[in-house]
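Q: I'm new to reading protein models. Could you walk me through this one, feature by feature?

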Amino acid sequence: MLIKLLKGFGCALRGIFYTLKNERHMRIHAVALVYVMFFSVFFNLSAEKYAILLLTGALVIVSEIINSAIESVVDICKNEYSIIAKIAKDMAAGAVLISAIFSVIIAILFFNDISGYVNILKFFLKYPIMLLFVGMFSIFSFIYITIGSTEIKNRIKKFITTLKHLKGGNLNGSSDNNKN
């Protein structure tokens, strides 16, 4: 019974990671949730407000996973264009949009305190190196969102292969095997 339970968790985790790797909107939602949770620390939110933030974030993530699953199933079932298939996909995307809009509204309500923004400014003035980390995370996030983790992995492998080829042969074109 425990093995079945663990296998179920494994399947669920594979589904989550697949969506994070292959669905751009999921990557956008995940990165946005990381930013919201990081900056929420500066706003002295109550436990109840944190719970609401986490629930709305989870709702957006879950909606996106369900949307992706529905799109995949519709694509399997319909090889040619179908207005019903289009409507099903549009409805699933609409569910994500509604959850995202309400998530943004809740964030606006929770982050409307000027003292939180003052706290952010004080933090970065006290620890300016953190701006570098936030900047690096922002660059990484942009790359992750736009090209995805699979493409990043492929490009890193290609770069490493190129470096190995360069290391295997001298820059002037001769090989290490030709040494006397």
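A: Lys and Arg count as positive and Asp and Glu as negative, while His and the chain ends are not counted. Each charge is placed at NZ of Lys, CZ of Arg, CG of Asp or CD of Glu. In this chain there are 19 positive and 10 negative side chains, and the centres of the two sets lie 11 Å apart.

Q: What kind of model is it, and how are the residues numbered?
A: The model is predicted, so local features need pLDDT of at least 70 and side-chain atom pairs count only at pLDDT 80 or more, whereas totals for chains, interfaces and linings use all residues. Residues are numbered from 1 along each chain as its sequence is written, and side-chain values use heavy atoms, with hydrogens and water left out.

Q: How many helices and strands does the chain have?
A: Helices (H or I, at least four residues) and strands (E, at least two) are DSSP runs, numbered from the N terminus. Here you get six helices and zero strands. Reading from the N terminus, the order is α-α-α-α-α-α. The radius of gyration is 23 Å, well over the 16 Å that the globule rule gives for 180 residues, so the chain is more spread out than a compact globule. That radius is taken over C-alpha atoms, and the globule rule is 2.2 Å times the number of residues to the power 0.38. Along the principal axes, the C-alpha atoms fill a box of roughly 75 × 55 × 40 Å.

Q: What share of the residues is buried?
A: Buried means under 20% relative accessible area, exposed means over 50%, and partly exposed is in between (1.4 Å probe, protein chains only). Buried residues make up 23% of the 180 in this chain.

Q: Where is Ser 68, and is Ser 68 buried or exposed?
A: Ser 68 sits in helix H3, residues 47–77. Ser 68 counts as buried because its relative accessibility is 7%. Contact means heavy atoms within 4.5 Å. Setting aside neighbours within four places in sequence, Ser 68 is in contact with Thr 19 and Glu 23.

Q: How do contacts look over the whole chain?
A: Take contacts between residues at least 6 apart in sequence: 68% of them join residues at least 24 apart. Phe 123, found in helix H5 (residues 114–126), gives you a case to look at. Leaving aside neighbours within four places, Phe 123 is in contact with Phe 42 and Met 130. Phe 123 and Phe 42 are 81 residues apart along the chain, yet their C-alpha atoms are separated by 8.8 Å. Phe 123 is partly exposed, because its relative accessibility is 21%.

Q: What is the phi of Asn 44, and where is Asn 44 found?
A: Here's the general idea: most residues other than glycine have a negative phi. Asn 44 has a positive phi of about 50° although it is not a glycine. Asn 44 is found in the loop between helix H2 (24–40) and H3. With 66% relative accessibility, Asn 44 counts as exposed.

Q: How many disulfides are there?
A: A disulfide is a pair of cysteine sulfur atoms within 2.5 Å. By that rule the count is zero.
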